[in-house]
Every structure is written in structure tokens, then in C-alpha cells.
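User: I have a structure open and would like to go through it with you. Could we start with the strand pairing and move on from there?

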Amino acid sequence: MEYELIVHEIPPVYDCHSRILILGSLPSRKSREQGFFYGHPQNRFWPVLSAVLKEKTPVTIQDKKEMLLRNHIALWDVIASCEIKGSSDSSIRNAVPNNLQSLIQRTEVERVFTVGSTATKLYEKYCERDTGIPAIMLPSTSGANARFSTEILIKAFSAILL
């Protein structure tokens with residue numbers, strides 16, 4: 001599989017009342033096709049987050065946005081563009097970060113959570129110095145992350161409520 005240049009085209013979800021920022025690394029191929037975050041049907045992000053928030057799992061993009069904003073959560077990715085093979089985070093190279101500082105300045109974000117080790121490493125490398133907010137790593141919700149059951153993911157993601 002060849003490297004492909006990906007430019008992140010999904011806008012962040014946030015409003016001026018957002019207090020929590022959840023960051024992935026880069027949308028998967030399925031997410032890019034759907035035009036929204038965590039779009040692969042086997043990704044457990046939406047069921048996990050809705051369980052933590054005690055809400056019905058949203059189905060439409062609009063429902064997902066509304067759930068996030070209702071709970072003062074901003075959602076975006078660390079990477080604005082990179083070269084990648086398929087959807088493999090481990091193959092990311094030549095990453096260019098999103099301007100997270102600009103988003104944070106327009107919100108009430110106090111805490112940053114990264115989903116998965118790649119998002120965490122990239123945030124620490126490219127963004128933490130600018131934002132001044134250390135990230136708290138959450139486990140990946142990818143279906144490929146078989147080490148974590150949905151129950152364990154829900155417990156881990158409950159950290160956003162503190």
C-alpha cells in the first residue's frame with residue numbers, strides 16, 4: 001500500500017461553551033467518506049461516549065453534533081494533514097497539526113483528552129506547548145483495539161466527567 005497525502009476536511013465541532021476537547025489523530029478512510037468523526041461502524045466511540053453521558057447513541061451527524069454541544073464537548077483531530085497508508089495511524093508521517101490554540105481561545109476548554117496513543121504522541125509533540133494544557137490519554141475506540149472491552153472503555157471515558 002502506498003502513502004497517500006490526506007488533508008483533514010472535517011471541521012471541528014465546538015461552540016463558545018465547550019469545556020472539554022476530545023482529539024483523535026486523523027479521520028479514518030470511512031470517516032472521511034462519511035464526512036464526520038468516528039464513522040467506521042465497528043468504532044465504539046459514539047456508543048461509549050453516549051453511555052458515559054447517559055444519552056441515547058446518536059445516529060445522524062446532526063444528532064452527534066447536538067449531543068457533543070449539549071454536553072460542552074468539542075471534537076476534532078490533532079492532524080491537519082499528513083501522509084498515511086490506508087487508515088493506519090502507525091504509518092503517519094510528515095504530520096502538520098491543526099491550530100488547536102485558535103479553537104481553545106474561542107471556547108472555555110479547560111481539559112484536553114486524546115483518543116489513542118498516536119493522538120497523544122502527536123498532541124504532545126506539536127500542540128501541548130502552544131495550548132498549555134496537558135492531554136489525558138483515553139484508549140482507542142477502534143474495533144481493532146481488542147484489548148479493551150466496551151465496559152472498560154466506558155470506565156476510561158468517564159474521566160471526562162470529572
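User: Which residue in β7 is the bridge partner of T114?

Analyst: The bridge partner of T114 in β7 is M137. Please note that this is a predicted model.

User: How many bridges join β6 and β7, and in which sense do they pair?

Analyst: There are 4 bridges between β6 and β7, and the pairing is parallel.

User: What is the strand order of the sheet they sit in?

Analyst: The order is β3-β2-β6-β7, an open sheet of 4 strands with parallel pairing. The edges are taken by β3 and β7 (135–138); each has a single partner strand, so one side of each lacks a neighbour in the sheet. From one strand to the next, the twist averages 25°.

User: And the antiparallel sheet: which strands form it?

Analyst: That open sheet has 3 strands in the order β1-β4-β5, paired antiparallel. Its edge strands are β1 (4–7) and β5 (93–97), each of which pairs on one side only. The twist here averages 10° from one strand to the next.

User: How many bridges join β4 to β5?

Analyst: Strand β4 (residues 79–84) is joined to β5 by 3 bridges, and the two run antiparallel. Within this region, I79 stands opposite P97 of β5.

User: Changing topic to the helices. Is α2 largely enclosed or left open, and why?

Analyst: α2 is largely enclosed by the rest of the structure, because 7 of its 9 residues are buried. The buried residues are F45, W46, V48, L49, S50, V52 and L53.

User: What do those buried residues pack against?

Analyst: They pack against β2 (20–24), α3, β3, β6 (111–115) and α7 (150–157). Members of the parallel sheet are therefore among the packing partners, since β3, β2 and β6 belong to the order β3-β2-β6-β7.

User: Which other residues have a positive phi without being glycine?

Analyst: Y38 is one of them, with a phi of about 55°. Y38 lies in the loop between α1 (29–34) and α2 (45–53). H72 also has a positive phi, near 60°, and is placed in the loop between α3 (61–70) and β3 (73–77).

User: Are those two buried or exposed?

Analyst: Y38 is buried, with a relative accessible area of 14%. H72 is partly exposed, at a relative accessible area of 25%.

User: What about F36 and F37?

Analyst: Their pair is edge-to-face, with 5.3 Å from centre to centre and 70° between the planes. Both F36 and F37 are buried.

User: Which residues make up the aromatic cluster?

Analyst: One cluster is formed by F36, F37, Y38, F45, W46 and F157.

User: Which charged residue lies over the face of Y3?

Analyst: R93 lies over that face, at 3.6 Å from the ring centre of Y3.

User: Last topic, the cysteines. How many disulfides does the structure hold?

Analyst: The structure holds 0 disulfides.

Technical notes:
Residues numbered from 1 in each chain as written. Predicted model: local features only at pLDDT ≥ 70, side-chain atom pairs only at ≥ 80, totals over all residues. Heavy atoms only, no water. Disulfide = S-S within 2.5 Å. Pairing = 2+ DSSP bridges. Axes fitted to C-alpha atoms, helices over the stretch in contact; angles between N-to-C directions. Phe/Tyr/Trp six-rings, centres within 6.5 Å; stacked < 30°, edge-to-face > 60°. Buried < 20%, exposed > 50% of the residue type's maximum accessible area, 1.4 Å probe, protein only. Lys NZ or Arg CZ within 6 Å of the ring centre and 35° of its normal. Contact = heavy atoms within 4.5 Å.
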